Amino acid sequence: MDREQIYASMAGEGRLDYEKYLNTPKLLSCQKPYEQLCNADELQFQIVHQSEELWMKLICYTLLEIDECMAAGETFKVLTLFARVHKAMGFLIEQLSILDTMSIKDYQAIRLQLGNGSGQESPGFRTLLQLYKPLWLTFERVYLEQKGLTVEQIYNSEYRHDESYMVAEAMIEYDQLFQHFRYHHIKLIHRSIGIDSMSLKGRSTEILNSGMKMQFFPKLWQIRGQMTDIWGGVYGVKRDSIAD
């Protein structure tokens, strides 16, 4: 098989409408040329991380639209857009698994190409760490304050499985998926360079574990424990075994 012909075929000529619309010449030149790859695994490493930036761009764009729709009270569209975000988060998580096919020795060669860079510098990731703030403020204003509700009421004392509840659940689903993404990313790091190694900036990779404690919407998580404790006070925190 003539590799040069295959490489040229995959790059395309950029003349067809499909190529022009997707800007494939520029898109397919975002990765290193084959002859410059440090090893055969570097291409997949670049593609996975570049794809992550694209998915995060879509998620960020969609979250901005969700914020606008929440402000307008367009609940059905809010839920549809959150479903898109949830699916995109799933793709972010799933595609990380392909990097498990790298050996730790091959990854070290790729790591040398990164300078002192890390995933914490991802523009999409950094933006997602900020976008939850306006989302929560809009949710509070439109789905709680304007309706005269609290988080406790929509989940417990005035529970009706209504619009406020559904939007809250869509938000906590997004929060949970983002935590899953961070977890899978940390486990990938543990698998590729070890749990106790130093980062490329000289700091222990354990610093990443602190991010797992972050919750975008803590009030939506706290209500679960509060409700369980209240119920536990009624039927008993420690119950008798049903086997007795």
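**Exercise 1.** Which helix gives the largest share of the lining of the largest cavity?

*Solution.* The model is predicted: local features need pLDDT of at least 70, side-chain atom pairs count only at pLDDT 80 or more, and totals for chains, interfaces and linings use all residues. Residues are numbered from 1 along each chain as its sequence is written, and side-chain values use heavy atoms, without hydrogens and water.

Step 1. On a 1 Å grid over the protein atoms alone, a cavity is a set of points where a 1.4 Å probe fits but cannot get out, and lining residues have an atom within 4 Å of a point. A search of the whole structure finds one cavity of 30 Å³ or more. The largest cavity holds about 40 Å³ of space, a volume being the space filled by probe spheres set on the points.

Step 2. Its lining consists of Leu99, Asp100, Met102, Ser103, Ile104, Tyr107, Leu188, Arg191 and Ser192. Helix 6 and helix 9 are the elements that give two or more residues to this lining; helices are DSSP runs (H or I, at least four residues), numbered from the N terminus.

Step 3. The largest share, three residues, comes from helix 9.

**Exercise 2.** Determine how helix 6 and helix 9 are oriented to each other.

*Solution.* Step 1. Two packed helices are described by the angle between their axes and the distance between the axes. The axes of helix 6 (residues 104-111) and helix 9 (residues 163-193) come within 8 Å and cross at roughly 105 degrees.

Step 2. Angles of 65 to 115 degrees count as roughly perpendicular. Helix 6 and helix 9 are therefore roughly perpendicular to each other.

Step 3. Ile104, Tyr107, Gln108 and Arg111 of helix 6 make the contact (heavy atoms within 4.5 Å) with Arg191, Ser192 and Ile193 of helix 9.

**Exercise 3.** State the span of helix 4 and what follows this helix.

*Solution.* Step 1. Helix 4 (residues 42-71) has 30 residues. The expected span is 1.5 Å times one less than the number of residues.

Step 2. From its first C-alpha to its last, helix 4 reaches 44 Å, close to the 44 Å expected. Gly73, which follows helix 4, has a positive phi, near 70 degrees.

**Exercise 4.** Identify the residues nearest the centre of the second largest pocket.

*Solution.* Step 1. A pocket is an open set of points with protein on both sides within 12 Å along at least five of seven lines. The second largest pocket has a volume of about 310 Å³.

Step 2. Of its 14 lining residues, Tyr7, Ala11, Leu28, Gln31 and Tyr34 lie nearest its centre. Helix 1 gives the most to this lining, with three residues.

Note on methods:
Axes are lines fitted to C-alpha atoms, for helices over the stretch in contact, and angles run from 0 to 180 degrees between N-to-C directions. Angles under 35 degrees count as roughly parallel, over 145 as roughly antiparallel, 65 to 115 as roughly perpendicular and the rest as oblique.
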